[in-house]
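Colleague: I am new to this structure and would like to learn how to read it. Please show it to me, and then take the features one at a time.

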Amino acid sequence: SRHLVGPHLSHCDPARGDAMSARTAERGSTLAETTIVMAVLLALLFGIIDFGRATYTYAFVAQLARQGARWAIVRGSTCSQLDHCNASQSDIQNYVQGLSEGATTASQITVSQATWSSCPAGFSGHAPGCTVSVTVKYPFSFLLPYMPGGSLATINMVSSSQMVVSQ
């Protein structure tokens, strides 16, 4: 049988009508499914970005430790022409904080340890041949809103570097 539907003629098929009503009933489910999938994909994307930031920060802290040790090895007890000769831990910290750039906050960079050891016989302290070890620490905070508030919300990035005093 033929029924007039709008300007077109169409066949009324009860099976087709049931399928159309079932399709109409599921119309909102694609929006919900899309929302769930997008939330998971965005969480994954921002997680990758945040862990990339963490990797960058650790590499930067390692570079700061190397730069701090390098700065200290040329400012030993026989240094005479450079500023801050016979460098102390606070001198190294001020130098390292001055190297802060990008995503780090200078005031949060700390030199948690600067020690001089393994000196040749007859020498001590900051003498040439002694070993200086510099440890730099920086608290890294994740930007992710869904990170647990416990130990993973802030991670202390720590790196050490050891070099021999040259002057």
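Predicted model: local features only at pLDDT ≥ 70, side-chain atom pairs only at ≥ 80, totals over all residues.

Colleague: How many helices and strands does the protein have, and how do the elements run from the N terminus?

Modeller: Helices (H or I, at least four residues) and strands (E, at least two) are DSSP runs, numbered from the N terminus. Here there are three helices and five strands. Their order from the N terminus is β-β-α-α-α-β-β-β.

Colleague: What share of the residues counts as buried?

Modeller: A residue is buried under 20% relative accessible area, exposed over 50%, and partly exposed in between (1.4 Å probe, protein chains only). In this protein of 167 residues, 26% count as buried. The accessible surface (Shrake-Rupley method, 1.4 Å probe; for residues, only the protein chains shown count as cover) is about 10,500 Å² for the protein, and 60% of that belongs to carbon and sulfur atoms.

Colleague: Which residues is Ser133 in contact with, beyond its neighbours within four places in sequence?

Modeller: Contact means heavy atoms within 4.5 Å. Ser133 lies in strand S4, residues 131–141, and counts as buried because its relative accessibility is 17%. With neighbours within four places in sequence left aside, Ser133 touches Gln113, Ala114, Thr115, Ser161 and Gln162. For the protein, take the contacts between residues at least 6 apart in sequence: 60% of them join residues at least 24 apart.

Colleague: Which residues form a nonpolar patch on the surface?

Modeller: Patches are made of residues with over 30% relative accessible area and no salt bridge; like charges are joined within 9 Å, and nonpolar side chains (Val, Leu, Ile, Met, Phe, Trp, Tyr) within 5 Å. A salt bridge is a side-chain nitrogen of Lys or Arg within 4 Å of a carboxyl oxygen of Asp or Glu. The nonpolar patch consists of Val37, Met38, Leu41, Leu42, Leu44, Leu45, Phe46, Ile48 and Ile49, together about 860 Å² of accessible area. One of them, Leu42, sits in helix H2, residues 29–73. Leu42 has a relative accessible area of 39%, so this residue is partly exposed.

Colleague: Where is Asn86 found, and what is its phi?

Modeller: Most residues other than glycine have a negative phi. Asn86 has a positive phi, near 55 degrees. Asn86 is in the loop between H2 and helix H3 (89–98), and it is partly exposed at 42% relative accessibility. Ser118 also has a positive phi, near 50 degrees. Ser118 belongs to the loop between strand S3 (110–117) and S4 and is exposed, at 56%.

Colleague: Is the disulfide of Cys79 and Cys85 left-handed or right-handed?

Modeller: The sulfur atoms of Cys79 and Cys85 are 2.0 Å apart. The torsion about their S-S bond is about -45 degrees, so this disulfide is left-handed. Cys79 is buried at 10%, whereas Cys85 is partly exposed at 28%.

Modeller: The other disulfide joins Cys119 to Cys130, S to S 2.0 Å. Its torsion is about 120 degrees, so the disulfide of Cys119 and Cys130 is right-handed. Cys119 and Cys130 both lie in the loop between S3 and S4, so the pair ties together parts eleven residues apart in sequence. Cys130 is buried, with a relative accessible area of 0%.

Colleague: How many aromatic pairs are found in the whole structure?

Modeller: A pair of aromatic rings is described by the distance of the centres and the angle of the planes. Rings of Phe, Tyr and Trp (its six-membered ring) pair if their centres lie within 6.5 Å; planes under 30 degrees apart count as stacked, over 60 as edge-to-face and the rest as tilted. The search finds four pairs. Among them, Phe51 and Phe142 form a tilted pair, 5.2 Å centre to centre with 55 degrees between the planes. Phe51 lies in helix H2 and Phe142 in the loop between S4 and strand S5 (154–164), so the pair ties together parts that are 91 residues apart in sequence. Phe140 and Phe142 form an edge-to-face pair, at 5.1 Å and 85 degrees. Phe51, Phe140 and Phe142 form one aromatic cluster.

Note on methods:
Residues numbered from 1 in each chain as written. Heavy atoms only, no water. Disulfide = S-S within 2.5 Å.
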